[in-house]
Amino acid sequence: MRKVDLLFAEYSKSHRNATNKFIHWFCVPLIFCSILGFISLIPSPHFCISYFGCISIISLIAIVIISLYYIRLSLLIGFIMIFTMLLAEHFIYCTNISLGKQSWIIYLSVFLITWILQFIGHKIEGKKPSFLKDIQFLLIGPIWLLSFILKKTGIRY
């Protein structure tokens, strides 16, 4: 069995309850995006691309590191996540431009509310979050959800 499948199987052990899964479908992507949002606020030079916006060098480095981890697990998942993170960065850029220095409040609010909901989901589940056992599960959550979409559409990852 491939490492990615082993990680999904392990992650699934604490995500069997329908309510907990439902909460994860909303909270995991929002947590992921809020973290990207926080990273985007770290002062650094930016690259600007027409019709896309700007992305900080630190955000770009984070995306590259995360993408390398995902590509190591699955080439297809890695490329989908690169596209997803760049799309998220576009919306983060728009948020940063429209709210200016106040955008951190949005990222913090989303981060805190979604983590509270996640812990409620795990309380309902009756199991601790996977990342308490292994920190890499913080990166597995988003691609675990993606794997359901790929399986539903018949795409092998």
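Q: Which helix does Ser67 lie in?
A: First, the ground rules: this is a predicted model, where local features need pLDDT of at least 70, side-chain atom pairs count only at pLDDT 80 or more, and totals for chains, interfaces and linings use all residues. Helices (DSSP runs of H or I, at least four residues) and strands (DSSP runs of E, at least two) are numbered from the N terminus. Ser67 lies in helix H3.

Q: Is Ser67 buried or exposed?
A: The cut-offs go by relative accessible area: under 20% is buried, over 50% is exposed, and in between is partly exposed (1.4 Å probe, protein chains only). Ser67 has a relative accessibility of 4%, so it counts as buried.

Q: Which residues is Ser67 in contact with, leaving aside its neighbours within four places in sequence?
A: Contact here means heavy atoms within 4.5 Å. With those sequence neighbours set aside, Ser67 is in contact with Ile82 and Met85.

Q: How far apart in space are Leu86 and Ser67, C-alpha to C-alpha?
A: Leu86 is found in helix H4 and counts as partly exposed at 30% relative accessibility. Not counting residues up to four places away in sequence, Leu86 touches Phe52, Ile55 and Ile63. Leu86 and Ser67 are 19 residues apart in sequence, and their C-alpha to C-alpha distance is 11 Å.

Q: Which residues is Ile143 in contact with, once its neighbours within four places in sequence are left aside?
A: Ile143 is one of the residues with the most contacts inside that core. Leaving those neighbours out, its contacts are Phe8, Tyr70, Leu73, Ile77 and Met81.

Q: Where on H1 do its buried residues sit?
A: The buried residues of H1 are Val4, Leu7, Phe8, Tyr11 and Ser12. Look down the helix axis and they fall within an arc of 135 degrees (taken from the directions from the axis to the C-beta atoms). They therefore line one face of the helix.

Q: What covers the buried residues of H1?
A: Those residues include Phe8 and Tyr11. Their cover includes H2, H3, H4 and H6.

Q: How are H4 and H6 oriented to each other?
A: Two packed helices are described by the angle between their axes and the distance between the axes. The axes are lines fitted to C-alpha atoms, for helices over the stretch in contact, with angles running from 0 to 180 degrees between N-to-C directions. H4 and H6 pack at an angle of about 110 degrees, with their axes 11 Å apart. On a scale where under 35 degrees is roughly parallel, over 145 roughly antiparallel, 65 to 115 roughly perpendicular and the rest oblique, H4 and H6 are therefore roughly perpendicular.

Q: How many nonpolar residues are in the contact of H4 with H6?
A: From H4, Leu76, Ile77, Ile80 and Met81 meet Pro142, Ile143, Leu146 and Leu150 of H6. For the classes, Ala, Val, Leu, Ile, Met, Phe, Trp, Tyr, Cys and Pro are nonpolar, Asp, Glu, Lys and Arg are charged, and the others, Gly among them, are polar. The contact has no polar and no charged residues, and its nonpolar count is eight.

Q: What separation do the C-alpha atoms of Leu76 and Tyr157 have?
A: Leu76 is found in helix H4 and is partly exposed, with a relative accessible area of 31%. Not counting residues up to four places away in sequence, Leu76 touches Leu150, Ile155, Arg156 and Tyr157. Leu76 and Tyr157 are 81 residues apart along the chain, and their C-alpha atoms are separated by 5.8 Å.

Q: What is the phi of Tyr51 near?
A: Tyr51 is found in the loop between strand E1 (46-49) and strand E2 (53-56). At 87% relative accessibility, Tyr51 counts as exposed. Its phi is positive, in a residue other than glycine, and is near 65 degrees.

How values were computed
Residues are numbered from 1 along each chain as its sequence is written. Side-chain values use heavy atoms; hydrogens and water are left out. A nonpolar core is a set of buried Ala, Val, Leu, Ile, Met, Phe, Trp, Tyr and Cys residues joined through side-chain atoms within 4.5 Å.
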